[in-house]
Amino acid sequence: TGAIGLYNLGQSCCLNSLLQVFLMNIHFTGILRRITVPPCAVQRRSNVPYQMLLLLEKMQCGKRKAVHPIELACCLSAHRVELFVQHDAAQLFLHLWNLIKKQMKKLELVEELSDLYTICIQEHLACQNCSFEIKNNSSMLTLPLPVLDSNSHRLKTLEDCLQYFFHPEELTGQNMCVCQQCGRKTPFLQSMKLVHLPQTLTIHLKRFCFEKSSYMHKLSHYLPFPRDLDFNGVLTENQCQADDNEKATWQYGLFAVVAHSGLTSCGHYCAYIQSLTERKWYCFNDSEVCQVLWDDVKCTYGHSNLHWGETAYLLIYMKKHLQ
């Protein structure tokens, strides 16, 4: 199953959790196994994809319950990934992915990696006085969903968070934009429309926020997320910019949850991952790996009175026709 733990090297729970999510994804490891091996030892030691491949082989070779990711950690350290400090899982995921992509030499593998993870969005600005519009396509690695609305009210479900993220916003008053056609500042309607969803979709629940005192605060309130997610049933036609063939692939099943427990200043990460070969859920908590039930995964929905409790932070969904 590949359900092997990773020893904690010292505050490396965030790195360990993300590595498990990468290496349990057979679509990612299928790309990883086809990389070009660097020709000399110095290059191999500093090549992140190659060191990840070595770690994967070490995890699959023996009967040990856990392995030490020392060589990969040293490799990451050489690329300015700090060791022995607390990381934010969303930021570290982005840093790791960029390093992997940058060091892959084969262009076809870079394209496959992008297809596997990249979300495409169209940013839309429309003047409310005339027909002037600005459209820009952009890509992102994670879908960063707020868990509070603009009035600081709690959003109740993942579907609510998605609808709020893609909900149009009126830019009036001090937020008005200069319209090139009107020649003056006018009210605009700002919106984002979904263009393309990748094979492996990563959703970032923005549970960490700054209060007025500049103190980082964790939002631990109850926020359920579904095992099966169909974007066609969540977003409206106006929130999408895709053809029917694209929309037909927007049905997802939950693959993994990276959960955070503790406070912002002293927290811990673990990962709940469904084996794509066995269809069983496992909890990867550093060197400890155990089989769990869906009810255990649901415990990461959060609880308002347990700010130190375990809450989902990253949700990784996979297209159903690929699982």
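# Salt bridges and a domain contact

Colleague: What is the relative accessible area of lysine 58?

Modeller: Lysine 58 is partly exposed, a class lying between buried (under 20% relative accessible area) and exposed (over 50%), with a 1.4 Å probe and protein chains only. This is a predicted model, where local features need pLDDT of at least 70, side-chain atom pairs count only at pLDDT 80 or more, and totals for chains, interfaces and linings use all residues. Residues are numbered from 1 along each chain as its sequence is written, and side-chain values use heavy atoms, without hydrogens and water. For lysine 58, the relative accessible area is 26%.

Colleague: Which side chain meets that of lysine 58 in a salt bridge?

Modeller: Side chains of opposite charge can pair when their charged atoms come close. A salt bridge here needs a side-chain nitrogen of Lys or Arg within 4 Å of a carboxyl oxygen of Asp or Glu. At 3.3 Å, N to O, the partner of lysine 58 is glutamate 71.

Colleague: And how many residues apart in sequence are the parts that this pair ties together?

Modeller: Lysine 58 sits in helix α4 (residues 48-61) and glutamate 71 in helix α5 (residues 70-78); helices (H or I, at least four residues) and strands (E, at least two) are DSSP runs, numbered from the N terminus. The separation is therefore 13 residues.

Colleague: How many salt bridges are counted between domain 1 and domain 2?

Modeller: The domain assignment, automatic or from a database, gives domain 1 (1-118) and domain 2 (142-167 + 199-322). Glutamate 288 and lysine 65 pair at 2.6 Å, N to O. Between the two domains, the count of salt bridges is one.

Colleague: What area do domain 1 and domain 2 bury between them?

Modeller: Buried area is the accessible area (1.4 Å probe) that two parts lose on being put together, summed over both. Of the area lost here, 64% is on carbon and sulfur atoms. The total is about 2,400 Å².

Colleague: Where does threonine 186 lie, and what is its relative accessible area?

Modeller: Threonine 186 belongs to strand β8 (residues 184-186). Beyond its neighbours within four places in sequence, threonine 186 has contacts (heavy atoms within 4.5 Å) with residues including Cys127, Leu171 and Cys179. Threonine 186 is buried, its relative accessible area being 0%.
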